[in-house]
Amino acid sequence: MGSKLDAEIMSPVSAFTPQMLVVASLAAAIIIMIALVLLTRRNSAARGDVILLVGLPDAGKTAIMTTLTYKQTLPTHTSMQANSVVVPLGDKSCRVIDIPGHPRIRDQFREYIPSARGIVFVVDSSTVSRNGPAAAEHLHQVMHAITSLPPSKATPSLLILAHKCDLLKSTAQATPAQLAINRARTILERELEKRRASQTSGVGIEGLGAEGSEIDLGGLECTGTGEFRFADWEGGEVAFAGTSVAVGQAASVSDYADDKAVESDGLSSLCQWLEDQL
Ligand SMILES: Nc1nc2c(ncn2[C@@H]2O[C@H](COP(=O)(O)OP(=O)(O)OP(=O)(O)O)[C@@H](O)[C@H]2O)c(=O)[nH]1
Ligand SMILES: [Mg+2]
């Protein structure tokens with residue numbers, strides 16, 4: 001009777017050999033460890049909550065910020081310190097930080113990158129042909145900072161904003177916003193390709209930056225072996241938008257009483273992108 005009971009009790013366990021039990025417990029331990037690692041990574045990779053406005057001096061960052069915040073384009077001066085504001089977006093809002101473009105101050109963007117949900121690189125599309133190398137140098141620093149974030153940080157989204165498109169004339173084929181985007185994209189891709197090529201060949205190219213060391217920055221890696229293309233950038237997806245604000249127009253606050261005014265003011269594509277980040 002006793003031996004029959006033993007056999008009944010033992011039977012489920014005896015179905016597994018000791019080796020099978022060891023393998024099963026090892027597999028269970030590995031599965032639990034993978035789940036724990038994924039959970040901690042997901043928590044610590046939580047996205048930041050601020051939007052950074054960066055770009056060369058005079059690109060229009062502060063004008064954009066005041067228009068988003070106060071619903072009117074206020075006169076601006078060269079910024080000498082970062083401005084932080086809360087921008088209302090429908091029934092939500094987001095914090096926007098405007099980083100001055102002055103070469104001695106603009107590096108401040110690095111402080112904010114770990115808490116950035118999105119980065120808006122503002123380009124003056126009316127002067128980008130002339131300022132292409134300088135704009136690309138600054139953009140390269142931003143892209144390098146994005147790709148240098150530790151894996152525990154979520155990668156902020158990047159928007160290249162071809163601004164001041166009111167200064168471009170529309171053609172039969174394209175609106176000013178499309179022209180501005182095409183111009184900014186083509187010129188920045190060409191200048192970034194020069195920087196990338198000089199880096200891989202180890203040969204410095206004149207006019208690519210005051211400090212030689214900057215040429216050695218990474219951050220421009222693309223999938224494939226072709227020339228630099230934003231669409232192929234390994235650092236993430238790059239969005240483009242064309243915008244303008246109504247500078248010098250005697251706009252009363254009531255003209256901007258609702259969000260539609262801002263949209264008709266040429267910032268609608270930026271507002272849309274900001275909403276997509278929330
Ligand atoms: N035509 C036109 N002018 C603009 C537009 N946006 C800004 N401006 C003008 O461009 C100039 C520079 O704008 P700011 O907003 O001060 O430029 P910023 O990027 O903040 O420059 P820093 O503070 O030096 O980094 C100002 O005279 C603005 O009135 C635009 O959409 N169209
Ligand atoms: Mg400014």
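**Entry 1: a strand, a helix, a strand.** I traced β4, helix α5 (residues 128-147) and β5, and together they make a right-handed β-α-β unit. I kept in mind that this is a predicted model. Next I looked up how the two strands of the unit sit together: β4 (residues 116-124) and β5 pair in the parallel sense, over 7 bridges.

**Entry 2: is β5 buried or exposed?** I asked how many of the residues of β5 are buried. The count came to 7 of the 7 residues in 157-163, so β5 is largely enclosed by the rest of the structure. I remembered that side chains in a regular strand alternate between the two faces of the sheet. In β5, Ser-157, Leu-159, Leu-161 and His-163 point one way, while Leu-158, Ile-160 and Ala-162 point the other way, and all are buried.

**Entry 3: the annotated binding site.** I checked UniProt, where an unreviewed entry lists a "binding site" of Gly-55, Leu-56, Pro-57, Asp-58, Ala-59, Gly-60, Lys-61, Thr-62 and Gly-101. These positions are spread over 47 residues of sequence, yet they cluster in space, with a largest C-alpha distance of 11.6 Å.

**Entry 4: Ala-59.** I found Ala-59 in the loop between β1 (50-55) and α3 (61-70). Ala-59 has 25 other C-beta atoms within 10 Å, and 20 or more are needed, so I wrote it down as buried. Leaving aside neighbours within four places in sequence, its contacts are Gly-101, Val-122, Val-123, Asp-124 and His-163.

**Entry 5: Gly-101.** I located Gly-101 in the loop between β3 (92-98) and α4 (109-112). Gly-101 counts as buried because it has 23 C-beta neighbours inside 10 Å. With neighbours within four places in sequence again left out, Gly-101 is in contact with residues including Gly-55, Leu-56, Ala-59 and Arg-106.

**Entry 6: ligand 1.** Which residues are the closest to ligand 1? I noted Pro-57, Gly-60, Thr-76, Ser-79 and Gly-101, out of 20 residues that surround ligand 1. By class, this shell has 7 nonpolar, 9 polar and 4 charged residues. The most is given by α3, with 3 residues.

Key: Residues numbered from 1 in each chain as written. Chains lettered and ligands numbered in written order. Predicted model: local features only at pLDDT ≥ 70, side-chain atom pairs only at ≥ 80, totals over all residues. UniProt positions renumbered as here; feature names shortened; annotations may be inferred. Helix = DSSP H or I, 4+ residues; strand = E, 2+ residues; numbered from the N terminus. Buried ≥ 20, exposed ≤ 12 C-beta atoms within 10 Å, placed from the backbone. Contact = placed C-beta atoms within 7 Å. Pairing = 2+ DSSP bridges. Right-handed = clockwise from strand over helix to strand, strands pointing away. Near = placed C-beta within 6 Å. Nonpolar A, V, L, I, M, F, W, Y, C, P; charged D, E, K, R; others polar.
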